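Work through the exercises below with the sequence and the model at hand. Each task is followed by a solution in steps.

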Amino acid sequence: MIKIIDYGIGNIQAFLNVYKRLGINADVARSVDDIKSATHLILPGVGAFDQAMTLFNNSGLRDSIEKRIFEEKIPIIGICVGMQMLATSSEEGSMPGLGWIPGTVRAFSSNIFSKNLPMPHMGWNNLIKKVNALLLKDFEKEPSFYFLHSFYYECDDAGDVLATAEYGHDFHCIIGRNNIYGIQCHPEKSHSSGCKLLKNFAEI
């Protein structure tokens, strides 16, 4: 069963609603036992990087999650700030990230090509697929998704980049390494494209 990790932050009900419409079993993970029974995990997140990392580290779930994803290889996807938490560090805060997909979270305002654009980057934008990953199965080359963010992920390894988007410059918006994925845009707010991506994740 797909489990959405509840560590005190994130729009959990929206994901449950999408999976209910898709006819796919999904529930909330609040305990180590919940993590143990998951076949897939979703790490949601909203707000500031340090707050999200603090809540996650204090949840008592991190060790169990890392065991499931690194030893048992179950799929996990981080969404929005949940994706940014996968990085090594973030310009938004001072805490270390999870480091599950090496990279740095950068501020659009610190990039010469995007610093004068309206913040946050908000609204619909096209993705550009870089590889034919299972997460993007049956998508056209430039599907449209909904974004709301002021920071973006910069992978250390270009091989971890599954798709990019453009806001002043190309940035990494969908990433993946082995069974670990991240998506900056909001599939739960992206109508048919978001439903397709969440369905693809459930089938990995």
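**Exercise 1.** Find how far the sulfur of Cys 185 is from the closest cysteine sulfur, and decide what this distance says about a bond.

Solution. Start from the term: a disulfide is a pair of cysteine sulfur atoms within 2.5 Å. The closest cysteine sulfur to that of Cys 185 belongs to Cys 173, at 5.3 Å, which is too far for a bond. Next take Cys 195: its closest cysteine sulfur is in Cys 185, 13 Å away, again too far for a bond. The structure holds zero disulfides.

This is a predicted model, in which local features need pLDDT of at least 70 and side-chain atom pairs count only at pLDDT 80 or more, while totals for chains, interfaces and linings use all residues. Residues are numbered from 1 along each chain as its sequence is written, and side-chain values use heavy atoms, with hydrogens and water left out.

**Exercise 2.** Is Cys 185 buried or exposed?

Solution. Apply the cut-offs: buried is under 20% relative accessible area, exposed is over 50%, and partly exposed lies in between (1.4 Å probe, protein chains only). Cys 185 has a relative accessible area of 0%, so Cys 185 is buried.

**Exercise 3.** Describe the surroundings of Ala 48.

Solution. First, the relative accessible area of Ala 48 is 31%, so this residue is partly exposed. Second, list its contacts (heavy atoms within 4.5 Å). Neighbours within four places in sequence aside, Ala 48 is in contact with Val 81 and Glu 92. Third, compare sequence and space: Ala 48 and Ile 9 are 39 residues apart in sequence, and their C-alpha atoms are 10 Å apart.
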